Amino acid sequence: MTRQMTGAKMVVQALKDQGVDTVFGYPGGAVLPIYDEIFQQNDIRHILVRHEQGAVHAAEGYARSTGKVGVALVTSGPGATNAVTGLTDALLDSIPILVLTGQVPTFMIGSDAFQEADTVGITRPCTKHNWLAKDTDTLAETLHQAFHVAQSGRPGPVLVDIPKDVQFANGTYTEPKKADTTIYQPQTKGDIEAINELVEAIAIAERPVFYTGGGVINSGPQASKLLRELVEATGFPITSTLMGLGAYPASGENWLGMLGMHGLYEANMAMHDCDLMINIGARFDDRITGLISAFSPNSIKAHIDIDPSSINKVIKADIPIVGDVESVLTDLLKVFKAQGKRTNKGAVAKWQGQIAEWRKINCLAFTQEGKTIKPQHALARLEALTKEHDRYITTEVGQHQMWAAQYLGFEDPNRWMTSGGLGTMGYGFPASIGVQMAHPESLVINVAGEASWLMNMQEMGTAVQFRLPVKQFILNNERLGMVRQWQELLHGERYSHSWSEALPDFVKLAEAFGAKGILCSDPDDLDDAIMEMITYDGPVIFDCLVEKHENCFPMIPSGKPHNEMLLGEANTQGVIQSGGAVMV
Amino acid sequence: MSALKIKKGSTSHSAYNLRPTFSDEPETHTLAVLVDNEPGVLARVIGLFAGRGYNIDSLTVAEVDHTGHTSRITVVTTGTPQVIEQIKAQLGRIVPVHEVHDLTVEGASVERELALFKVSGTGDKRVEALRLADIFRANAVDSTLESFVFELTGTPSKIDAFADLMRPLGLVEVARTGVAALSRGAQ
C-alpha cells in the first residue's frame with residue numbers, strides 16, 4: 001500500500017514511526033508547514049525552547065539519558081546557524097541526534113533569499129552526515145536513513161535540510177522497514193584473533209588497568225553490565241574518562257575514579273605505571289594523555305573502539321580491536337571464561353597494593369572552615385543529600401564541571417550529561433530540560449557556574465512553561481573560574497576579563513520567570529537550602545555563593561606527563577613552561 | 001611487561017594492515033576512493049583534507065559507473081605513515097564513501113596523467129620543441145606559425161620532465177589533469 005501525503009506530514013509520520021515522542025524546536029517561516037502538522041496531532045510532544053542552541057542541547061540531554069535519538073526542529077538561516085554549536089558538541093561527544101532544518105524553497109536556493117543559509121555546507125564538518133531533501137518522494141526514506149546513521153556505529157548528529165516547497169508538495173511515504181540502510185553498515189564484531197591476543201595479555205599482565213570511555217555508555221546498558229562482569233572476573237582496577245562515568249559504579253571496589261587533567265592521583269599514576277592498558281570505548285583525548293611522548297611509557301595498549309579512525313590516531317595501539325563494546329566484551333568474556341579466567345593473581349595483588357598506597361594521598365581532600373562555602377563542600381553535600389534519589393546530573397563547563405566529576409558518584413550509565421569534547425558553556429541548562437522531559441519523575445540537577453549558566457539562561461522560560469522541575473545548582477564565584485585559574489598559573493595572575501561585575505540577582509531572576517530562587521552563602525545553611533531545592537516541586541535557581549579563588553586540583557599541567565600532577569596550592573607558580581603554555 | 005610475548009607495535013592479528021612500526025618520514029601515496037555520485041560528496045572528501053590539515057598533491061574525480069551512480073576520486077597525498085593510515089580511516093567514515101584503496105601499498109599499480117602544454121617560439125626553438133615532443137610521444141593538437149599545443153600522457157614524473165625541457169623553448173602555459181590510477185592485474 002502506498003501512502004500519499006505532504007512532505008510536512010511525512011516528517012511527523014516518520015518521527016512517529018521511529019518512536020519519537022518528544023521534539024525540541026523553535027518555529028519560523030521555513031518550517032511552518034511542519035508546525036502546522038505538529039498542531040494537528042497528539043503523539044509527539046513539541047517543547048518550545050527560547051533559542052535554537054537550547055533545542056539542540058536539550059535533544060542531546062534527552063538522547064544521552066535515554067539512549068534514543070534526540071530530535072530538534074528549527075527554521076532556516078539563523079535557526080540553522082544557531083544549531084551549529086549543538087551539532088558540533090554532539091559530534092565530539094558522539095551523541096545521536098537528528099536536527100531538522102527548514103530551507104527556502106528549492107527554486108530560491110542560491111538567490112540569497114530571506115533567511116537563506118547554506119545549511120548543508122555549514123553543517124557538513126559538524127555532522128556525521130547531512131542531507132538536503134530536494135524531493136518529497138524520497139524525503140521519508142532520507143529521514144529513516146538519518147535515524148539509521150545517527151545511531152549506528154559510532155553515534156553522532158545528523159541533519160536533514162527540508163526546503164519549504166518540499167514540505168508542501170505531495171509524495172509517497174516510505175515505511176522505515178523499506179528504507180535502504182545498506183548505505184551505512186559499520187563493523188560491530190571484533191576480530192576474534194585480536195580478542196584472543198587480549199585474553200593472553202590479561203592472563204600475564206602484572207600491572208593492568210581498564211581505561212573506559214563514553215563508548216561503553218553509547219553501546220548500551222548491556223555493555224556496562226558486561227564491563228562490570230569483566231572487571232569483577234579479572235579483579236583489575238578501572239578508571240574512566242569524563243564521558244564514561246557511570247559505566248562502572250563509583251562504589252565498586254576496583255574503581256579508581258576519573259583520570260585525566262583533573263583526574264584522581266591514583267587513576268593517573270595507574271595509567272602511567274601500568275604494563276597493560278585496556279582502552280574500552282575511549283579515544284586518547286588530549287585531556288587524558290597529557291604529554292604524549294611520556295604517556296604510559298611501558299605499557300601494552302589494547303584499544304577497543306567502533307570507529308577505525310580512533311585507532312592509532314593519537315596513541316599507537318598494540319592490540320587494536322574494531323567493534324562495538326557490547327559485542328567485543330561478549331566475545332572477550334566468552335574466551336576469558338573458556339580459558340579458565342586466567343590472571344596473574346600474585347602480581348595483580350601487588351599492583352593493587354601499590355594503588356592503595358597512591359589512594360592514601362587522598363587527592364580530593366579539602367578543608368571546609370570559616371563562613372565561606374568551598375565549592376567542593378557544596379558538591380560533597382549535594383552528593384550526600386541526593387545520592388539516594390533517582391538522580392540525573394548535567395553540567396556546564398569549567399571548574400564546577402570538574403568538581404562535579406570528582407565529588408559526585410555515578411552508579412549507573414546515562415545518569416551524567418556533560419559537554420566533554422567541545423566544552424560548551426551553556427550546555428547544561430538546556431540539557432537538563434531534555435533529561436527532565438525524558439524522565440519526568442526523576443531529580444534532574446544542572447551543576448553550573450554562574451558564567452556558563454548565563455549563556456543559555458533564556459531557557460528558564462522553557463522550564464517554567466513546561467513545568468519542568470529542573471534544579472539549577474549554580475556555584476557562584478563571580479569569576480570565570482577555570483579561566484581565572486589558568487591566568488593565575490600561566491599569565492602572572494593578570495586576570496584579564498575573567499570576572500563579572502554585573503551579575504543578576506539570581507533569586508529575583510528566578511522570580512521574574514515565575515520560578516523559585518534560593519540564595520545560600522553560609523555553610524551552616526547549606527544542607528537545609530539543598531533540601532529545600534530538592535523538595536520544591538518546580539524549577540529552582542540555587543545561587544550558591546562560594547569561595548571566589550578556589551583552584552581545581554589535582555591538575556596535570558599542559559605539556560606534562562601523568563606522574564607530574566599538581567596536588568594543591570603549594571608552589572604552582574611557573575609549573576607550566578612555555579611549551580605547555582601554547583596548549584589549551 | 002617482559003612476560004608478555006606481544007611485540008610492541010604488533011598488529012599481525014588486527015583487522016588492519018598496519019605496518020609494525022610507524023616511521024616519521026613523509027611518504028606519498030595514491031588513494032582511490034569510490035563514492036556515491038551525489039551532491040556534495042567531493043566537498044565532503046576535500047573538506048576532510050582541509051579541515052584536518054592533510055595535503056592534497058593531486059586530485060581527479062569523475063563518474064565511472066553511470067548506472068550505479070558511482071564516482072572515483074583519485075587523490076595523491078603526502079604524510080607520515082600514521083597520517084596516511086588516519087586519512088584512510090577518516091575517508092572510510094564518510095557515509096557515501098564505499099571503498100578506500102591505497103594503491104601505493106596494495107600491490108603494483110599504473111598511474112597516468114594527461115597534460116597540455118602551450119609552447120610559443122620561432123626558428124630553432126620551435127624545431128627543437130617539435131623534435132622533443134616526438135621523442136616524448138606528445139601530440140600536437142593545435143598549431144599556429146608561432147605556437148604549438150602538445151598533448152602528453154604519462155606518469156607525473158614524465159610530465160614534469162617534459163615541462164622542464166619545454167621551459168627554455170618558450171613554454172607559456174600548462175594544464176594538467178592530475179593522476180588517474182588503477183591496480184595492475186586481473187582484480
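**Briefing: overall fold and helix α11 of chain A**

Chain A contains 24 helices and 20 strands. The model is predicted. This briefing considers the chain as a whole and then one of its helices, α11.

**Overall dimensions**

- The radius of gyration of chain A is 24 Å; a compact globule of 584 residues would have a value near 25 Å, so the two agree.
- Along the principal axes, the C-alpha atoms of chain A occupy a box of roughly 70 × 60 × 45 Å.

**Burial and contacts**

- Of the 584 residues in chain A, 57% are buried.
- When contacts between residues at least 6 apart in sequence are considered, 76% of them in chain A join residues at least 24 apart.

**Helix α11**

- Helix α11 of chain A comprises 14 residues, numbered 221-234.
- The buried residues of α11(A) are A:Ala223, A:Ser224, A:Leu226, A:Leu227, A:Leu230, A:Val231 and A:Thr234.
- These residues lie on the same side of α11(A), because they cover an arc of only 165° around the axis.

- Just after α11(A), A:Gly235 adopts a positive phi of about 75°.

Notes: Residues numbered from 1 in each chain as written. Chains lettered and ligands numbered in written order. Predicted model: local features only at pLDDT ≥ 70, side-chain atom pairs only at ≥ 80, totals over all residues. Helix = DSSP H or I, 4+ residues; strand = E, 2+ residues; numbered from the N terminus. Rg over C-alpha atoms; globule rule 2.2 N^0.38 Å. Buried ≥ 20, exposed ≤ 12 C-beta atoms within 10 Å, placed from the backbone. Contact = placed C-beta atoms within 7 Å. Expected span 1.5 Å × (residues − 1). Arc of directions from axis to C-beta.
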